[in-house]
Amino acid sequence: MANVFKSYDSLTGGFCFENSRRNPVLESSLSEFGYKAPSARKTGTTIAGIVYKDGVILGADTRATDDMVVADKNCMKIHYIAPKIYCCGAGVAADAKITTQVMASNVELHMLNTGRPPLVAMVTRRLKQMLFRYQGHVGSSLIVAGVDVNGAHLYSVYPHGSYDKLPFVTMGSGAAAAVSVFEDRFKPNIGLEKAKQLVRDAIAAGILCDLGSGSNVDLCVITEAGVEYLRGYDSPAAKGKREGQYRYEPGTTAVLTKTVTPFSLDVVDESVQIMNTE
């Protein structure tokens, strides 16, 4: 028994870098069998939230990307959780959608069981416990906002399960540009119209400064009286009208070399099919 305690006493503090040597060995053995280590998934989004005088406001862009391809120009990133609790999702779109759908179902069952409206803190706790259970493999970065009996609340929940409670918060690939707008212009007890304009400007900054964010700005205003979902609130990156003509006359650019390669083809079979247009 004394030897066991002695082994624990011999351990010193600080970081252990044994895994840094282990990982290259594992990756080299994977390459021998034709495999490769998984890489981080790059996603693009700008979501934000702010606490104002009478409640909270959530904002999000509407672009969904698949690597460098715009998969959806009008994606909904503000999800319903409870009558006065909504959630913005960044990261993997499928993970964020399913996570919020599961939580909305669990919160509905909680309301039916207790007979009371849910608390924002309860929803945040269940979300962070769910994400922590999967150790970050569910790629959902969430902003939870709502109004309950204790007032207006705004939380940010990270994929590994950690969370923050802040008066304003941004997440996603455009978060750095959006939070700079909040840090410059945020004031406690700000009015409704100024708060909506502030969230709109923060999302617009993310849209204009981040390639993974784009299209429109969605807002969700949550107060004690109810919820106002402003779908397509603004389009800061709308395509402009082309003013000039960019047509060039033939021969403007000189042809330096020209090569013609003839192909000899024989028609082996030819068929005609009528397309059904009904």
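User: At what angle do helix 5 and helix 6 pack, and how far apart are their axes?

Analyst: In this predicted model, helix 5 (residues 175-185) and helix 6 (residues 192-209) pack at an angle of about 145°, and their axes lie 7 Å apart. The crossing of helix 5 and helix 6 is right-handed. Helix 5 makes the contact through Ala177, Ala178, Val181, Phe182 and Arg185, while helix 6 contributes residues including Leu198, Val199, Ala202 and Ala205. By type, the residues of this contact divide into 9 nonpolar, 2 polar and 2 charged.

User: Which residues touch the most other members of the largest nonpolar core?

Analyst: As a general idea, nonpolar side chains in soluble globular proteins tend to be buried together. Here the largest nonpolar core has 22 residues, of which Ile50, Ile57, Phe182, Leu198 and Val199 touch the most other members. Strand 1 (46-51), helix 5, helix 6 and strand 11 (217-223) each supply at least two residues of this core, and helix 6 gives the most, with 7 residues. Leaving aside neighbours within four places in sequence, Ile50 is in contact with residues including Ile57, Leu154, Phe182, Leu198 and Val199.

User: Is Thr62 buried or exposed?

Analyst: Thr62 has 0% relative accessibility and therefore counts as buried, the cut-off being under 20%. Its place is in the loop between strand 2 (55-61) and strand 3 (64-66). Apart from neighbours within four places in sequence, Thr62 is in contact with, among others, Asp72, Lys73, Asn74, Asp218 and Arg231.

Notes
Residues numbered from 1 in each chain as written. Predicted model: local features only at pLDDT ≥ 70, side-chain atom pairs only at ≥ 80, totals over all residues. Heavy atoms only, no water. Axes fitted to C-alpha atoms, helices over the stretch in contact; angles between N-to-C directions. Helix = DSSP H or I, 4+ residues; strand = E, 2+ residues; numbered from the N terminus. Left-handed = near helix turned anticlockwise from the far one by under 90°. Contact = heavy atoms within 4.5 Å. Nonpolar A, V, L, I, M, F, W, Y, C, P; charged D, E, K, R; others polar. Core = buried A, V, L, I, M, F, W, Y, C linked by side-chain atoms within 4.5 Å. Buried < 20%, exposed > 50% of the residue type's maximum accessible area, 1.4 Å probe, protein only.
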